Amino acid sequence: MIRKKPSARENSSSTTTTAGEEETEWEMRPGGMLVQKRTVQTDAPARNLRLRIAYGALRYEICVSSMATFGEVKKVLSGETGLQVDEQKVVYRGKERQNGEYLDACGVKDRSKVVLIQDPSSIERRFIQMRINAKIQNAHRAINTIALHLDQLADQVSAIEKSISNGVKVPEVQITTLIEMLMRQAIKLESITAEGDASAQKHLQGKRVQKCVETLDELKVSNARIKPVVVTTKWETFDHIPSSTTWEIFD
């Protein structure tokens, strides 16, 4: 019997198909996670697996479904270790596993050992975030301190405004000094580097300083129009009444 020799084109097609079957296919879950596509569907219920987790010198044991992904394992480990999902690297059988890979598809069995490693780049990101948070807290404290000083200065502005409205002239140096104190607080505010909520708080306190200074400028004009009260004292004179003194001589 004579067999037909396959052509080069047929060999190429067969090789391509075989290579394609070995490649991992992926699919998108409704939640947006990219996971390994299952090629075999089974109606058998999923079993729970106990995984032994080695994280440095620490050891954990977690329970997950055999049909879970390594990304879901990382979510469970977040509650145990405090590491976020993007800060974790999970290694099984000497290979780092992606979030979308299924446990059963990778051969994970009950009591399998999984190694957890903290991503080195996440340490640097966390350190940078800690520095940013520290700067924000320092900005909040500095702005709150200035706000307390402005509360006191605003009370003094209100007292001067009340005096002038009652027709009582205030020494001009008192108004000038108060304006200088307010401007010092404004300079301190400008020196603070603030972002987010701290920036909004800084802007609010700057508006307070501006309003107080504008009020004092108006009060200075009103104060200059008030005539000082001249107090005159009327003296009453009395006639001098001579007094007679009787002296007694003792032996």
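**Close-up 1. Length of helix α4 (residues 172-190) in the predicted model**. With 19 residues at 1.5 Å a residue, α4 should span 27 Å, and its end C-alpha atoms are 28 Å apart, which agrees. The expected span is 1.5 Å times one less than the number of residues in the helix. Helices (H or I, at least four residues) and strands (E, at least two) are DSSP runs, numbered from the N terminus. This is a predicted model in which local features need pLDDT of at least 70 and side-chain atom pairs count only at pLDDT 80 or more, while totals for chains, interfaces and linings use all residues. Residues are numbered from 1 along each chain as its sequence is written, and side-chain values use heavy atoms, with hydrogens and water left out.

**Close-up 2. Buried and exposed residues of α4**. Ile-175, Leu-178, Ile-179, Leu-182, Gln-185, Ala-186 and Leu-189 are the buried residues of α4 (buried, under 20% relative accessible area; exposed, over 50%; partly exposed, in between; 1.4 Å probe, protein chains only). They cover an arc of only 120° around the axis, which puts them on the same side of α4; the arc is that of the directions from the helix axis to the C-beta atoms. Val-173 and Ile-187, on the other side of α4, are exposed. The buried residues pack against α3 (120-165) and α5 (197-225), contact meaning heavy atoms within 4.5 Å.

Close-up 3. β5 runs antiparallel to β7 (residues 113-118), joined by four bridges, and pairs with β6 (residues 95-97) in the antiparallel sense over three bridges; two strands pair if DSSP finds at least two bridges between them. Val-90 has Leu-116 as its bridge partner in β7 and stands opposite Arg-97 in β6.

**Close-up 4. Hairpin of β5 and β6**. Two residues lie between the strands, and Arg-93 takes a positive phi near 55° in this hairpin.
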